[in-house]
Each structure stands twice: as structure tokens, then as C-alpha cells.
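Please read them with the structure open beside you.

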Amino acid sequence: MPAIGTRAAHTCYECREPMVWTTGGIRLPDPLAGTSKGMTGGGERADGYRCQNAHTNPPCPVCQSCDTDVWGTSSNPPQLNASCNACQNQFVHSLLEG
Ligand SMILES: [Zn+2]
Ligand SMILES: [Zn+2]
């Protein structure tokens, strides 16, 4: 895992600002959202890359690490191509809400 303040090899896929490693700066989606249990607590916070405009890398769907690299985007459908530095998983992150 990178040290705090480490610059990512890539820039932010949204605003092209540098991405910097932070701890606890990323709010993961709450897996219980929409259920009665999801009403009581928020999502977990995780370590990951974050730009100054609070954009973050998508977490790996396999190991939940936010030590991921976004290396491609597409607009139809809106999604990101990313790879995980922790488990080497390649994944597609949909940007569609809901
Ligand atoms: Zn950004
Ligand atoms: Zn992973």
C-alpha cells in the first residue's frame, strides 16, 4: 500500500488533477443501503487515491481495495476501465446511478 501523500501514476479521470493517497478519505458504498440495517450506519471509510476535488478511484469489486488505477473511460455506457494494484483484478466500474 502506498504511503500517505503518494501521487498516483495517473491523474484524476474526471478533472485531471493529481491523485494523492489518503487514509480513511474514501467513503465506500454502504452494502446495506436501502435495508433497515442500512439506516443506522454509513458506509465504511477506506484508504485510496483522491484528488483535490474529492473524486476517488473506484474500489476493487473483488478485494475492496481503493489502490486502483483507472486507465480508460467510455461514455456509452458511462463506465471506467480500471485495474487493482492489490490483487491485479481488471474490472469495469459503471458510472450509472442506481
Ligand atoms: Zn478529480
Ligand atoms: Zn483487488
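The points below go from the overall make-up to single residues.

1. **Basis.** This is a predicted model, in which local features need pLDDT of at least 70, side-chain atom pairs count only at pLDDT 80 or more, and totals for chains, interfaces and linings use all residues. Residues are numbered from 1 along each chain as its sequence is written, while chains are lettered from A and ligands numbered from 1 in the order in which they are written.

2. **Make-up.** The chain has six strands and zero helices. Both are DSSP runs, numbered from the N terminus: helices are H or I with at least four residues, strands are E with at least two. Along the sequence the pattern reads β-β-β-β-β-β.

3. **The sheet of β1, β2 and β3.** These three strands form an open sheet in the order β1-β2-β3, with antiparallel pairing. Its edge strands are β1 and β3, each pairing on one side only. From one strand to the next, the twist averages 40 degrees. For that angle, axes are lines fitted to C-alpha atoms (for helices, over the stretch in contact), and angles run from 0 to 180 degrees between N-to-C directions.

4. **Pairing within that sheet.** Strands count as paired if DSSP finds at least two bridges between them. Strand β1 (residues 7-11) meets strand β2 (residues 18-27) over two bridges, antiparallel. Arg7 has Val20 of β2 as its bridge partner. The two strands form a hairpin with six residues between them, and Arg16 in the turn has a positive phi of about 65 degrees. On to β3 (residues 45-50): five bridges join this strand to β2, again antiparallel. Here Trp21 has Tyr49 as its bridge partner.

5. **Strands β4 to β6.** Seven bridges link β4 (residues 68-75) with β5 (residues 78-84) in the antiparallel sense. The hairpin between β4 and β5 runs through two residues. Strand β5 is also joined to β6 (residues 90-94), antiparallel, by five bridges. That hairpin has five residues between its strands, and Gln88 in its turn has a positive phi of about 65 degrees. Look at Ala82: this residue of β5 stands opposite Val70, and its bridge partner in β6 is Phe91.

6. **Core.** Which residues make up the largest nonpolar core? There are nine: Ala8, Cys12, Tyr13, Met19, Ile26, Tyr49, Cys66, Val70 and Ala82. Such a core is a set of buried Ala, Val, Leu, Ile, Met, Phe, Trp, Tyr and Cys residues joined through C-beta atoms within 7 Å. Buried means 20 or more other C-beta atoms within 10 Å of a residue's own; exposed means 12 or fewer, partly exposed lies in between, and C-beta atoms are placed from the backbone. Of the chain's 98 residues, 19% count as buried.

7. **Contacts.** Two residues are in contact if their C-beta atoms, placed from the backbone, lie within 7 Å. Among contacts between residues at least 6 apart in sequence, 33% join residues at least 24 apart. Met19 is a core residue. Leaving aside neighbours within four places in sequence, its contacts include Ala8, Cys12 and Tyr49.

8. **Thr56.** This residue lies in the loop between β3 and β4. Why is Thr56 classed as buried? Because 20 other C-beta atoms lie within 10 Å. Not counting residues up to four places away in sequence, Thr56 touches Ile26, Gly48, Tyr49, Arg50 and Cys66. Its C-alpha atom is 9.2 Å from that of Arg27, 29 residues apart along the chain.
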